[in-house]
Structures are given as structure tokens and as C-alpha cells.
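Short sections treat one topic each.

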Amino acid sequence: MSDAAIVVCPHCHAPNRVPAARLADGGTCGKCKAPLFAGQPVELGAANFDEHVGRSDIPVLVDFWAPWCGPCRSMAPAFAQAARQLEPEFRLAKVNTEDEQALAARFGIRSIPTLALFRNGREVARQAGAMDLASLVRWVRNQG
Ligand SMILES: [Zn+2]
């Protein structure tokens, strides 16, 4: 592992260079002073998706969901809790596929919820269907 990582601010979306040794402390954004890890998923859309997924040195787990999807809504609390358990090793993000249909099409999302894990901008794993908190955390950690 290199000695510093690019962490994209969940609030203003500015990339921050964080020394690896200080990742666990979280730290604050150099631009907007907000915490870099707030223990909750960040909402992504066409305007900021590539900024996060493409620039982040931290793997990004994206929940592709929609408001009308019952299983998506049921999984939301577990996904939010997973953010508290998986940060700062992972960034958790949500894409509302109803508002962001171009992103859903770009990644060929056919069923929701779909979880996709991105590392250095590339999708490395995908899982369709809702998971409970324990399964979700285990699945993410098992992706190496
Ligand atoms: Zn910021």
C-alpha cells in the first residue's frame, strides 16, 4: 500500500490526499472542513459519480436502488449501518436509479437492489438482491 490515499469528500466532492496512517482517524476535508467519513452512504449522481468512483483510492460500494422498490427500502438501514462498519476501508454510496437512469443504463443494472464494488474506477464485484447487514459486510470483505 502506498503511504497516502486519495479520499473524495462526501460533501463537496473534492479529492483529499490522506496519509495512510491517518485514514483510521478520518480527518476533515481540506476544502469544506466536513468529516471525510461521516458513517453514512454518500448520494451519487451523474454529476459526481466519476469524481468519487474514478478518483477514490478507497474501494467504493454502490447501492443501485429506487424509491419504489420495497426490498431496496428494507435494505437501506442495513446499508447505512454497513457504512459505519466498513469505513474507512470502503466508501459506501447510493445511486437512485429512478433519478439517474443514464448511470443505471451505463452499468446495465437490470434488477434492484444491485450492489457493485468499484476499485480504482473498475467494477470488481456485483451482487443483485437485498442482503442483511452481516451478509453485506461479509460479502464486501470477501472481495479482497
Ligand atoms: Zn469537502
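N96 counts as buried, because its relative accessibility is 11% and the limit for burial is under 20%. The model described here is a predicted one. N96 is found in strand β5. When its neighbours within four places in sequence are left aside, N96 is in contact with W65, A66 and P67.

## The open sheet

Five strands form an open sheet with mixed pairing, in the order β3-β5-β4-β6-β7. The edges are taken by β3 (42-43) and β7; each has a single partner strand, so one side of each is left without a neighbour in the sheet. Helix α2 (residues 70-86) packs on this sheet and touches β4, β5 (91-96) and β6. The direction of helix α2 makes about 155° with that of β5.

Within the sheet, strand β4 (residues 60-65) runs antiparallel to β6, and five bridges join the two. V60 has F118 in β6 as its bridge partner. Strand β6 (residues 114-119) also runs antiparallel to strand β7 (residues 122-128), to which six bridges join it. Here A116 has R126 in β7 as its bridge partner. The hairpin of β6 and β7 has two residues between the strands, and N120 in this hairpin takes a positive phi near 50°. In general, strands of a sheet pair through backbone hydrogen bonds, either parallel or antiparallel.

## The zinc site

Which residues coordinate the zinc ion? The SG atoms of C9, C12, C29 and C32 do so, at 2.2 to 2.3 Å. The angles that the four donor atoms subtend around the zinc ion are 105 to 114°, which makes the arrangement tetrahedral.

Along the chain, the donors of the zinc ion follow the spacing C-x2-C-x16-C-x2-C. C9 and C32 link distant parts of the chain, being 23 residues apart. C9 lies in the loop between β1 (4-8) and β2 (15-19), and C32 in the loop between β2 and β3. C9 is buried, with a relative accessible area of 0%, whereas C32 counts as partly exposed at 32% relative accessibility.

## Salt bridges

How many salt bridges does the structure hold? There are five salt bridges in the structure. One of them is formed by D50 and R106, whose closest N and O atoms are 2.8 Å apart. D50 belongs to helix α1 (residues 49-55) and R106 to helix α3 (residues 101-106); the pair links distant parts of the chain, 56 residues apart. D50 is partly exposed, with a relative accessible area of 41%, and R106 counts as partly exposed at 46% relative accessibility.

A salt bridge also joins the side chains of E87 and R91, at 3.7 Å from N to O. Are these two residues, E87 and R91, buried or exposed? Both E87 and R91 are buried. A further salt bridge is that of E89 with R141, the closest N and O atoms being 3.3 Å apart. E89 lies in the loop between α2 and β5, and R141 lies in helix α4 (residues 133-141), so this pair ties together parts that are 52 residues apart in sequence. E89 counts as partly exposed at 40% relative accessibility, and R141 is partly exposed with a relative accessible area of 40%.

How values were computed:
Residues numbered from 1 in each chain as written. Predicted model: local features only at pLDDT ≥ 70, side-chain atom pairs only at ≥ 80, totals over all residues. Heavy atoms only, no water. Pairing = 2+ DSSP bridges. Helix = DSSP H or I, 4+ residues; strand = E, 2+ residues; numbered from the N terminus. Contact = heavy atoms within 4.5 Å. Axes fitted to C-alpha atoms, helices over the stretch in contact; angles between N-to-C directions. Donors = N, O, S within 2.8 Å, 3.2 Å for Na, K, Ca; no water. Tetrahedral: all angles 85-135°; square planar, octahedral: opposite > 155°, others 65-115°. Buried < 20%, exposed > 50% of the residue type's maximum accessible area, 1.4 Å probe, protein only. Salt bridge = Lys/Arg side-chain N within 4 Å of Asp/Glu carboxyl O.
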